[in-house]
Amino acid sequence: MENQIFGILTIIICTIGYYFSLRYHKKDNYFVAILLLLVCGLILRVYVSSDFFLHTWDERYHALVAKNFMQHSLKPTLYDNPLLPYDYKNWVANHIWVHKQPLPLWFMAGSMWLFGINEIALRLPSILLTTIGIFLTFFIGKYFFSRKTGFLAAFFYSINGLIIELTAGRVATDHIDIFFLFFIELAVFFSIVLVQKKKLIYTVLLGISMGLAILSKWLPAMIVLPIWLLIAYDSGKFKIKEIIFHSLVSLFVSVLIFLPWQIYIFKSFPLEAQWETSFNLKHFTEVIEDRTGPFYYFFDKIRVNYGELIYLPLFWFIWKTLRKLTDYKRLALVVWFLIPFFIFSFAKTKMQAYILFTAPAL
């Protein structure tokens, strides 16, 4: 009953907040409008994250590895002291755990070190990152189209059910995909700032963001590169040599960020690292743990996660882009969504959050 009361209060407060956000948006007071979106989005995330138990698949495993990271930050373990024989190929019952990249787990470990070992501390990094993501979505939407488009995109981001559920650890892949989403969006943000400022520091920040995205969930983060190339070419501010230079610098910085961990685990835990690398590749050729669906699986899921009417604007937007391929901003958004969409559609193993990092584009 108490939870229902808090739920009703949350809905009332957020409804009022979103109403006034819309009012300020119509008055062109975007500072207050976006601030209200951030506050309401934060309230929704805190409420949904406030159940004091760990969820199955996959939050319990991520929480345990993060907790063990508090004792030894360079030794990822699931069962910290295995008393019985274990199979290193079994990610739900082994000792050394390199099933996922470490960055989200390090953040969760750091949060629990600061605020105590509890569910809210575990989820706090995801709560904060998806709240910041509301602003990033506004900024990106404003650059590509207008402040109005950016505002509407930020609103949809703030209330998106899948993002909120993943933030709260309620559905599979949880905080891992939240971190992946955030750092890819942050990399796109720095791509835009780099185009606007033309300063090398933003090239470095772009590379760092891309590297951190890879340290969250591996190489699909490279989708940032074609997005950056299209944004840079569209701006008309860069010569081809300059675009190549900034691309190589950002790529070099990203490698400096993500490569040391890969080398370290292959040297320290070779059996587990080799197995997990091959296991990741098997997602494209085999059905893992019955997680599968038809080729149109993601095409069907987007109506669930973004609204039943998503197909109308999506087809319209793709059609408009194909009619004018020289509109590189539109093309960048299509690339952001369509390339991952098709790649993961061909994979045998499918889960709805695999293309979450395309959410801002949608």
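The legends below describe several close-up views of one predicted model.

Residues are numbered from 1 along each chain as its sequence is written, and side-chain values use heavy atoms, with hydrogens and water left out. Because the model is predicted, local features need pLDDT of at least 70 and side-chain atom pairs count only at pLDDT 80 or more, while totals for chains, interfaces and linings use all residues.

**View 1. Helices α10 and α11 cross at roughly 150 degrees.** The axes of helix α10 (residues 224-235) and helix α11 (residues 240-268) come within 11 Å of each other; helices here are DSSP runs of H or I with at least four residues, strands are runs of E with at least two, and both are numbered from the N terminus. Axes are lines fitted to C-alpha atoms, for helices over the stretch in contact, and angles run from 0 to 180 degrees between N-to-C directions. The pair α10 and α11 is therefore roughly antiparallel, given that angles over 145 degrees count as roughly antiparallel, those under 35 as roughly parallel, those from 65 to 115 as roughly perpendicular and the rest as oblique. From α10, the residues L225, W228, L229, A232 and Y233 meet I240, I243, H246, S247, S250 and L251 of α11, where contact means heavy atoms within 4.5 Å. By class, the contact of α10 with α11 has 8 nonpolar, 3 polar and no charged residues; Ala, Val, Leu, Ile, Met, Phe, Trp, Tyr, Cys and Pro count as nonpolar, Asp, Glu, Lys and Arg as charged, and the others, Gly among them, as polar.

View 2. H246 counts as buried because its relative accessibility is 9%, the cut-offs being under 20% relative accessible area for buried, over 50% for exposed and partly exposed in between, with a 1.4 Å probe and protein chains only. The side chain of H246 makes a polar contact with the side chain of T203 at 2.7 Å; such a contact is a pair of N or O atoms within 3.5 Å, of which, within protein, one must be able to donate a hydrogen and the other to accept it, and residues adjacent in sequence count only if both atoms are side-chain atoms. When residues up to four places away in sequence are not counted, H246 touches L194, L200, T203, W228 and F238.

**View 3. Helix α8 packs with helix α10 at an angle of about 20 degrees.** The axes of α8 (residues 174-197) and α10 are 10 Å apart, and the two helices are therefore roughly parallel to each other. The crossing in which α8 passes α10 is right-handed. On the α8 side the contact is made by I184, A187, V188, S191, I192, L194 and V195, and on the α10 side by V224, I227, W228, I231, A232 and S235. These residues of the contact of α8 with α10 divide into 11 nonpolar, 2 polar and no charged.

**View 4. Helix α3 (residues 59-69) is mostly covered.** Of the 11 residues of α3, 8 are buried, namely E59, Y61, H62, A63, V65, A66, N68 and F69. The buried residues of α3 pack against α4 (103-115), α5 (119-144), α8 and α11.

**View 5. P76 lies in the loop between α3 and α4.** P76 is buried, with a relative accessible area of 1%. Leaving aside neighbours within four places in sequence, P76 is in contact with F69, H95, I96, W97, V98, W261 and F269. Between P76 and A66 there are 8.1 Å in space, C-alpha to C-alpha, and the two are 10 residues apart in sequence.

**View 6. Backbone geometry at W57–D58, T173 and K198.** A cis peptide bond, with omega of about 15 degrees, joins W57 and D58, and D58 has its place in the loop between α2 and α3. T173, in the loop between α7 (161-167) and α8, has a positive phi of about 80 degrees although it is not a glycine, and T173 is buried with a relative accessible area of 4%. K198, in the loop between α8 and α9 (200-217), is likewise a residue other than glycine with a positive phi, near 55 degrees, but K198 is partly exposed, with a relative accessible area of 36%.

Methods. Left-handed = near helix turned anticlockwise from the far one by under 90°.
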